[in-house]
Amino acid sequence: MEEWANIPTTVCGNLVKTYRKHGRAAPPMKGQSRRKEENKELASRIIMFSKEMDEGMKKWTEKQESLQEQKLLKQKNQLKPKAIYRKS
């Protein structure tokens, strides 16, 4: 008991404050839990939009490929010009 009597009271008070601060986990504050929920919601919306963009890009590339195929088919089926007769 005498050892503790030699420690100044300010040091003891400081030790107790830091123990309370860092020694155990405190329940989250209202603002912290609100921000956490908002961040979760935002992350889920970002994932959803990302999936939509991926699907849209896939459909767009498929459409571009089909248009390219149609263009090549038209060129293939196009009427050929008649051969020019040579005069001899």
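Read along its sequence, the protein chain runs α-α-α. The model is predicted.

**Exercise 1.** State how many helices and strands the protein chain has.

Solution. Start with the helices: there are three.

**Exercise 2.** Find where confidence is lowest and where it is highest in the protein chain.

Solution. Begin with the whole chain. Its mean pLDDT is 81. Of its residues, 65% reach 70 or more. Now go to the helices. Helix H2, residues 9–22, has the lowest confidence, with a mean of 58. Helix H3, residues 30–77, has the highest, at 95. Take care with the first of these regions. Where pLDDT is low, predicted coordinates should not be read in detail.

**Exercise 3.** Work out what share of the protein chain's residues is buried, and describe its accessible surface.

Solution. First, the cut-off: buried means under 20% relative accessible area. Apply it to the 88 residues, and 0% count as buried. Next, the surface. The accessible area is about 9700 Å². Carbon and sulfur atoms account for 58% of that area.

**Exercise 4.** Locate the salt bridge and describe its two partners.

Solution. Search the whole structure: one salt bridge turns up. Arginine 34 pairs with glutamate 38. Their closest N and O atoms are 3.2 Å apart, and the cut-off is 4 Å. Why can such a pair form? Side chains of opposite charge can pair when their charged atoms come close. Now check the positions. Arginine 34 and glutamate 38 lie four residues apart in helix H3, so about one helical turn separates them. Arginine 34 is partly exposed, at 45% relative accessible area. Glutamate 38 is also partly exposed, at 42%.

Note on methods
Residues numbered from 1 in each chain as written. Predicted model: local features only at pLDDT ≥ 70, side-chain atom pairs only at ≥ 80, totals over all residues. Heavy atoms only, no water. Helix = DSSP H or I, 4+ residues; strand = E, 2+ residues; numbered from the N terminus. Buried < 20%, exposed > 50% of the residue type's maximum accessible area, 1.4 Å probe, protein only. Areas by Shrake-Rupley, 256 points an atom, 1.4 Å probe, with all protein chains shown as cover. pLDDT = per-residue confidence, 0-100. Salt bridge = Lys/Arg side-chain N within 4 Å of Asp/Glu carboxyl O.
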